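Here is a short briefing on a protein model. Look at the structure first, then follow the points below.

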Amino acid sequence: MNYRHAYHAGNFADVLKHVVLTALIDALKAKPAPFAVIDTHAGSGCYALEGQEAEKTGEWREGIGRLLFPDVGARAGTGSSLPPLLRHWLDSLLALPGNQQGLKLYPGSPLQAANAMRAGDSAQLCELHPEEATRLRELFHHDKRMHVHQRDGYEALKGLLPPKEKRGLVLIDPPYEAQEAEYRLIEQALKAALVRWPTGIYAVWYPIKLRSQVQPFLRWLGHCGARRVLRAELLVHPDDSPLRLNGSGMAILNAPWKLDETLREPLRAMSRLLGQERPAEWRLDWLAEEAAGPPQPSPLPHSRSRR
Ligand code: SAM
């Protein structure tokens, strides 16, 4: 439990994660019925970009910092404006109280969700670290939609699923302090969660250092039983060094209809904006696209017997 997100808030990996989160919440808002957000590794909810921790690494400057230039549309290679999803996400950050004079506070996933949710939607936020959980509670003490649990997020999922709203999203964003063993924890949690709530959307963030470290997890996702699994990745360095964060990905299980189309232009723009030596490499593809459930009987025997 040494990880503190304050050192990394707003970095290039957060940008990808939170743009995808925004697209998922937008998709849920397309229908009037309330939805639930379950954040298994919530963090403290809000981070000062001029704080000691953020200043120490300066990571946000290579992430959200690159979206704050006045000519950001031109830099993104999209003309003078950003793709609508990116523009609307950036505007939502700048609209936060405290950010009127520029981006001073970077909201974490719980606060971004809270800002996007409607009055009838709700969120369950799990955070194991006592200080982070206390900050999160303070942040939402006035907001009855947001429920904070100081407990293990994987364990909590068992009791939280399915949510009473019967629609919504689970964000799984662990710190990977267990390195590759974290993937096995995620797989176990997803396996149980898909039994309890097969129709939920599950979004999993993963780091990319060495490609070979993440490959078994991606293969597992392709056969995990979820109907449609979309992968969105952005690599600011080649994926061949175990010593640094070269990129990151989001795997989305039961991805909403047309999520790939929604993310394509924003990813292309992020590749130009966040690429370090050159435009960042990106991938957007389906790890699973088949209908879920037991295999359907092949139509061939029927046709034969009918002939
Ligand atoms: N999701 C947040 C965001 O996007 O703003 C960032 C979360 S940060 C990457 C991971 C968080 O998980 C840390 O705050 C850490 O204290 C917490 N954590 C670590 N292990 C946990 C566990 N088993 N259950 C719940 N939280 C955990």
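H1 and H10 cross in a right-handed way in this predicted model. Their axes lie 11 Å apart, at an angle of about 160°. Angles over 145 degrees count as roughly antiparallel, so H1 is roughly antiparallel to H10.

**The H1 and H10 pair**
- Helix H1 spans residues 12-28, and helix H10 spans residues 259-274.
- On the H1 side, the contacts come from Phe-12, Val-15, Leu-16, Val-19, Val-20, Ala-23 and Leu-24.
- On the H10 side, they meet Leu-259, Thr-262, Leu-263, Pro-266, Leu-267, Met-270 and Leu-274.

**Helix H9**
- H9 covers residues 211-222, twelve residues in total.
- From first C-alpha to last, H9 reaches 16 Å, close to the 16 Å expected at 1.5 Å a residue.
- Arg-211, Val-214, Phe-217, Leu-218 and Leu-221 are the buried residues of H9.
- Ser-212 and Arg-219 are exposed, on the face turned away from the buried side of H9.
- The buried residues of H9 pack against helix H8 and strands S7, S8, S9 and S10.

**Asp-173**
- Asp-173 is in the loop between strand S6 and H8.
- Its relative accessible area is 13%. Buried means under 20%, so Asp-173 is buried.
- Asp-173 touches Lys-17, Thr-40, His-41 and Trp-205, not counting residues up to four places away in sequence.
- Asp-173 and Pro-198 are 25 residues apart in sequence, and their C-alpha atoms are 20 Å apart in space.

Notes. Residues numbered from 1 in each chain as written. Predicted model: local features only at pLDDT ≥ 70, side-chain atom pairs only at ≥ 80, totals over all residues. Heavy atoms only, no water. Helix = DSSP H or I, 4+ residues; strand = E, 2+ residues; numbered from the N terminus. Expected span 1.5 Å × (residues − 1). Buried < 20%, exposed > 50% of the residue type's maximum accessible area, 1.4 Å probe, protein only. Contact = heavy atoms within 4.5 Å. Axes fitted to C-alpha atoms, helices over the stretch in contact; angles between N-to-C directions. Parallel < 35°, antiparallel > 145°, perpendicular 65-115°, else oblique. Left-handed = near helix turned anticlockwise from the far one by under 90°.
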